[in-house]
Amino acid sequence: MSITLLWAVDVYGRVYSVSTAGRRWVRSDDALLELKRVSAGKDRCWGIGCDHHVYLNMIPHETPIRYKEETYENQRWNPVDGFTDTLLPTDRWPWSDVTGMNPQPFDSFRLPSRSWEWEGDWYVDHSCGGEPTQSGGWEYAVDFPANFSPDKKWNSCVRRRRWIRYRRYTAQGTWAKIPSAHPGKPPLPLCDISCGGWEMSDESGRYPQLWAVSQQGQVWFRDGIHPRVPEGTDWEEVEVPKEVSQLSLGPRDLLWTALWDGNLLVRAGLSLDSPTGTSWLEVESPQKEVETLHVSVGVSVVWVITKDYKVWFRRGVNSHNPCGSGWIGIVGEMMMLDVGLNDQVWAVGEDRGLYFRIGVTPSEPSGNGWIPVSAEWGSARDTVALRDGCELSRQPAEAFQGSALNCTNSNSELGPAQPVNSTSNTPVLEASDPSVVPLGGAPVASQEINDAPATPQTLIPASDSFINSLVSDRDKSSSNQQSSVPLEEEGQFSPAQIVLSPDAFGPGAPWSNVDLEGAEAARSTLAEGPRLSDGLGLDGAQGVGEEEGPVWAWISGGGCNVDAASQVSWLSATGPLVSSWSLTPVQSSAWSNQEPREEISKKPLERSNSVWVRKGTLRWWRDWKPQRWLDVAAALEQSTKSDGGKDSIFFIYYTQYDEKKYIHIFINEITALVPVARDCHYAFAVYTGYRTRQRSPLVLAAQTEKDMNDWLSLLSDVCCECRGIATPPSRQALWSTTSKGDIFAHEPSFSLEAATHTQSCDLMFWRQVPGHMRCVEANSLGVVWGIGWDGTAWVYSGHPGRQADLEDAGGVHQQSDIRSMHVYENQRWNPMTGYTDRGLPTDRPMWSDESGLRECTKGNTQPPSPQWAWVSEWAVDHNVPGGTDKEGWQYAADFPVTFHGHKTLKDFVRRRRWTRKCQITLSGPWRPVPPIPLSDVSLMPCLAHSSMEQVPLWALSDKGDVLCRLGITPQNPAGSSWLHVGTDQPFKSIAIGGANQVWAIAKDGAVFYRGSVSPQNPAGECWYHIPSPSRQTLRQLSVGRTSVFAVDENGNLWYRQGLTPSYPQGSAWELISNNVTKVSVGPLDQVWMIADAMAGFPAEAPGAVCHRLGVGPMQPKGQRWDYGIGGGWEHISVRANSVEAPRTQQAPAAGPPSPRSLLPSRVNGAAASV
């Protein structure tokens, strides 16, 4: 067997090779060379540098690489001078190629790169057709072009001779930079390369092919590679239907690519005549829910790694069926792999160690186990140790058994891989779901600690919880614990405490880069002397620099000629079990935080008895500059303590400047999980009290809608469980909706409206209720109504509000909502062309939103979220306030002023509104109330102990008609029929308060009070006109028990003074605040509102929940605002919250109230609704 090389790259970009006849890794001689990845073939290895250049290393050979350059000297005979280089205008060039079409003077020849040198000067070739001549190398012919011969004849009018010069390739054995096709331009930013194709023909001397992928997802083919031109000449783009992330080319005609969307593409039609193939065929990922991370192919095999680091083998692959027939799961978890010569498989494990697949033969191409690549490093007595729980010294190792026979099918659920020959008696609990990993087991007996710090000991997970370490400072009873792991809101892992394993973080985790600074710190720690973590053999406790051995990132076996029968010193299949352990931060921290090893076997673990982890990949919006989306790993970890209590933490793991960091949030601190619209992602925001005050929620995005819903459902369930919430929203719940239409409810406590020690608004926990509404109104008797964006009225059916409970709920109904999206086309008039889309520099964008502050075009305007779908095309909207002309235009003197529907001589600007409808369909506990579309609804607020035969409800139709709903009871919340209440103009807002006080606002801003409304006369008698605030137009109001608040068009909040039972219309309006969009007054006269914007936070989306503090009988206007959750909230209703603190002198009991204690202990008769 010839001596060949195995190539590998560590995380620092350093390149190493080990010979099949050697024992040690040898680093490249170029100390400044940094490569991202390599691809080896026979007698060569290609690489991509961190500078985006492509590098080539030709293996030294006895035969030099020489290339012959040639040019032809052409002459024509004339009667005066004889043969001369003065040619006819129609002749070929005096110096040309053999065809004469291209000029080739001596000075036109340049060396392709610095890797070449000239062997000598130009000289004349004195042979013709391989035979020597006596004519000085001249060949004669009658004319150009014709057949040349060395014999001169009487009619020979032209002649030529060939000049030759050789150049030699001098960069064998070194990494040579491939020259760019365009030296003046930056290099092509490539992210992956693959070398292969050398066995495409049986002809000897065939040359390999090189394919590459750019960072933009394009596929490139290197043209012109030849045995005498190893670098090739130019890049040729190959069209692909989708963006490619990685590719692999086999030794023959097999080419597979991994796509950014997680599927794979297969190139068909590869041959010698068509080296770039003819067409693409798409193959789905082995798991529908997990995307493909890496693919590698051989002669007739395909291996794939998915983003959960599972390994898959494609069966049925051959030249006639390049797509294969099915997937087979392989035991082991790897980060990347490479199929080398003889279809042998090399891999980089999730522990950053190198592995080789043993037992790969033509009859069993999937092999039967993994063994480590244990080539020596440094001195002859040291070997490169595996990372993370695997022990490799000078002792041989044995592969764990796993073949295609015991692998599961791709359609089945795959549990965690378990080795057969385990040296530990630790029990392993099977998980019911692959993403939920139960942990546990008995402590491990102490072992002898190796004196060599570079050789880690085998690490066996212990049953303990990282969460308990984090929350130990919160529990006074645990103050006597000897060790804990301190954390900040954003912290860095301590290498001596936490094992960082990609399997612990889910697929696609950003932990492919190693914490370089943490590694240096670990080496410094080891230099100080042995510690507890050294004895335990934790991965983070050992250095990853050059002194302790490389931490691998890439491997290429395309040039390593080994097979199942090869005897290689650094490949052995005997000895103890070697596996790639996967440890979560919970396990590793729990193990590292225990007492010294001598006492571990004597004292059982006490802090927890079970841990479960939910893992996955998400995208995180980094809200500091440069702001962008980052791929992160997410993990929800929950531990059960010995007393039955549970602690849960939500982790986000990310990498910044090659430094591994994380963000953690305690589940009991989460206040809301809100779906948000961000760059067409399936995104949601995680709020806590601190993040609400800072106006910076944690924004995460999932790949699919199902992934987002799964995460929201899981986190919501855990949050509700943590707070003891296991029922649907109570009758006293606060209801709110976002600008996207999502519905949220909050369970109030006594302290929410207490005069002293009031609960802070930013600590309120909002849970999502399935459904989609524009606004929701409720009262304390359990009647809840909502209105969709299309005006459809819905009534809450009273079933559980969590998605997990909806599957078996009989009251779940399909809900559909239609919403119109608007953009405005703006134009300005000029004397030459009339109205045009060329405005002044100070004008608004010619396509904008209604305010004109933000540019919105028909092309970039998207639905509120990916759950919406367009159901119409863009059309001019003629139904615009203020009216339009026949083309939909509105006119005004300038931007921004009031627009009108007819043109005057003073109108220099105009606009028109374009509209497009989108639709969403989902399920929720809501029943429609046909058939009249509504624009506003109001239920009479009352106390929880109030009793009434019917619940008064007033509403406005979408045309502005006033309606009164009859027959509403807690048992029949939908009511029976509508009663029309006459008006002389359309209305836009209506509200009913205590004692049947009905207030309304007409579309022109006029305020009215409905007199004589009672249970016996639910429609009342007549309307009384109420003067509006001076020079202000009101648009929305809310009526409580004894107070009325209203909002005008400018966002000012007004309070109606002088309301008495004898004079319910009041006397005057008093300005309270500004920056208000909606107001809600409850049965206790509590005041809540939606603020338009937060001062000092211009980047936050409009809409924040605010609570008026200091409201009481002697101070009905309140004193100040308490700002809560914000960023896109549309509506709030507190009209069902009648929970008030007991009026006793004793101090309130500590802790949150029980659900049974939410009802007031005393009924205020003044709020009676009869």
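**Reading salt bridges, a sheet and a core**

Me: In this predicted model, which side chain does Glu-333 meet in a salt bridge?

Reply: Side chains of opposite charge can pair when their charged atoms come close. Here the side chain of Glu-333 meets that of Lys-310, with 2.9 Å from N to O.

Me: Are Glu-333 and Lys-310 buried or exposed?

Reply: A residue counts as buried under 20% relative accessible area. Glu-333 is at 8%, so Glu-333 is buried. Lys-310 has 13% and is buried too.

Me: How many salt bridges does the whole structure have?

Reply: A search finds 33. One of them joins Glu-73 and Arg-161, at 2.9 Å from N to O. Glu-73 belongs to strand E7 (residues 66-78) and Arg-161 to strand E15 (residues 158-169), so this pair ties together parts 88 residues apart in sequence. Both residues are buried.

Me: Which residue forms a salt bridge with Glu-119?

Reply: Arg-168 does, and the closest N and O atoms are 2.7 Å apart. Glu-119 sits in the loop between strand E10 (116-118) and strand E11 (123-124), while Arg-168 lies in strand E15. Glu-119 is partly exposed at 33% relative accessible area, and Arg-168 is partly exposed at 28%. Salt bridges can also form a network, as with Arg-23, Arg-24 and Glu-376.

Me: Now the strands. In what order do the four strands of the open sheet run?

Reply: The order is E57-E58-E59-E60, with antiparallel pairing. Strand E57 (934-939) and strand E60 (977-981) are at the edges with a single partner strand each, so one side of each has no neighbour in the sheet. From one strand to the next, the twist averages 30 degrees.

Me: How many bridges pair E59 with E60?

Reply: Five bridges, in the antiparallel sense, with E59 covering residues 962-966. One detail to find in the model is Arg-965, whose bridge partner in E60 is Trp-978.

Me: Which residues touch the most other members of the largest nonpolar core?

Reply: This core has 37 residues, and those with the most contacts to other members include Leu-934, Trp-954 and Val-962. Strands E57, E58, E59 and E60 are among the elements that give two or more residues to the core. E58 supplies the largest share, four residues.

Me: What does Val-962 contact beyond its neighbours within four places in sequence?

Reply: Its contacts include Trp-954, Leu-979, Phe-987 and Trp-1023.

Technical notes:
Residues numbered from 1 in each chain as written. Predicted model: local features only at pLDDT ≥ 70, side-chain atom pairs only at ≥ 80, totals over all residues. Heavy atoms only, no water. Pairing = 2+ DSSP bridges. Axes fitted to C-alpha atoms, helices over the stretch in contact; angles between N-to-C directions. Core = buried A, V, L, I, M, F, W, Y, C linked by side-chain atoms within 4.5 Å. Buried < 20%, exposed > 50% of the residue type's maximum accessible area, 1.4 Å probe, protein only. Contact = heavy atoms within 4.5 Å. Salt bridge = Lys/Arg side-chain N within 4 Å of Asp/Glu carboxyl O.
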